[in-house]
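Look over the model, then read on.

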Amino acid sequence: MQLTVRYFAGARAAAGRSEETVAAGRSLDELVEELTTRHGERLAVVLKAASFLVDGVACHDRRFPLPGGVTVDVLPPFAGG
């Protein structure tokens, strides 16, 4: 099973793409580790400050396994008001 990761703003620039698919069944912490390995330190810095939505809902339990078919949105801090 796969899940979709969508990157926004600075996360998109750091990852070099707007979206990708990865294997499901891992926790958000494990997903962040994999994405850092794939895309490097620039994305790692963004991920440390980012918020994550799982199917549009804020994810607060970073150890909960992410099921297949979900979409994880990576939202870096936004400037403005």
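The Glu34 side chain makes a polar contact with the Arg38 side chain at 2.8 Å. A polar contact is a pair of N or O atoms within 3.5 Å; within protein, one must be able to donate a hydrogen and the other to accept it, and residues adjacent in sequence count only if both atoms are side-chain atoms. This is a predicted model: local features need pLDDT of at least 70, side-chain atom pairs count only at pLDDT 80 or more, and totals for chains, interfaces and linings use all residues. Residues are numbered from 1 along each chain as its sequence is written, and side-chain values use heavy atoms, with hydrogens and water left out.

Glu34 sits in helix H2, residues 28-39. Helices (H or I, at least four residues) and strands (E, at least two) are DSSP runs, numbered from the N terminus. Glu34 is buried, at 17% relative accessible area. Buried means under 20% (1.4 Å probe, protein chains only). Leaving out residues up to four places away in sequence, Glu34 touches Val22 and Arg26; contact means heavy atoms within 4.5 Å.

Now strand E3, residues 51-54. Phe52 and Val54 point to one face and are buried.

Two strands pair if DSSP finds at least two bridges between them.

| Partner of E3 | Sense | Bridges |
|---|---|---|
| E5 (residues 71-75) | antiparallel | 4 bridges |
| E4 (residues 57-58) | antiparallel | 2 bridges |

Val54 bridges to Val72 in E5. Leu53 bridges to Ala58 in E4. E3 and E4 form a hairpin with 2 residues between them. Asp55, in the turn, has a positive phi of about 50°.

Definitions and conventions: Buried < 20%, exposed > 50% of the residue type's maximum accessible area, 1.4 Å probe, protein only.
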